[in-house]
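Reader: I have a model open and would like to go through a few of its residues. Can you take my questions as they come?

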Amino acid sequence: MKPSLQFSVPCLDIDSDSPGPQSFQKVFFELPIGASFPYKLSYFYIANGWCSGQGCFKQVLRILNPDGSVLLDSGEQPIELEAYERPYMIANKLQDITFSTQGVYKVQIFLDGELVLQYPLRIFQAKSAH
């Protein structure tokens, strides 16, 4: 039984060292950059949570540039839900991603080749406080 995508969270860090559940830190839906473009972001995360399914599947995470070309393609990532009531989370640490221009990027999540979620990720140059 195919799982449902319960969440997809872009964030700047994930605290997995503390006891208990992992904690997403500095969650964002848009990212103001305090420098000029192109801008290389040393790292950020996109965490996807899958639930209500059972079996082995393949996830692909893709980020598209504002012009529609592919900025990042994770390739197929195996996920396994051992039981219907046991969710599965995959946290992708995306390193050294260069955003060539400001604009609306698109995050796409695929399960077994089928697009299950797409959402905008606005990247823009922050205005100075002067």
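Author: Asp96 lies in strand β8, residues 88-99. Strands here are DSSP runs of E with at least two residues, numbered from the N terminus. This is a predicted model, in which local features need pLDDT of at least 70, side-chain atom pairs count only at pLDDT 80 or more, and totals for chains, interfaces and linings use all residues. Residues are numbered from 1 along each chain as its sequence is written, and side-chain values use heavy atoms, with hydrogens and water left out.

Reader: What is phi of Asp96?

Author: Phi is near 55 degrees, a positive value in a residue other than glycine. Most residues other than glycine have a negative phi.

Reader: Is Asp96 buried, partly exposed or exposed?

Author: Asp96 is partly exposed, because its relative accessibility is 48% (buried is under 20% relative accessible area, exposed over 50%, partly exposed in between, with a 1.4 Å probe and protein chains only).

Reader: And where is Asp112?

Author: Asp112 sits in the loop between β9 (103-111) and β10 (114-125). Asp112 has a positive phi of about 50 degrees and is not a glycine.

Reader: Which residues does a cis peptide bond join?

Author: Phe37 and Pro38, with omega about 0 degrees. Pro38 is in the loop between β3 (30-33) and β4 (39-51).

Reader: New topic. Is Gln77 buried or exposed?

Author: Gln77 is buried, because its relative accessible area is 14%. Gln77 belongs to strand β7, residues 77-81.

Reader: What does Gln77 touch?

Author: Not counting residues up to four places away in sequence, Gln77 touches Phe57, Lys58, Gln59, Leu61, Ile90 and Asn92 (contact means heavy atoms within 4.5 Å).

Key: Helices (H or I, at least four residues) and strands (E, at least two) are DSSP runs, numbered from the N terminus.
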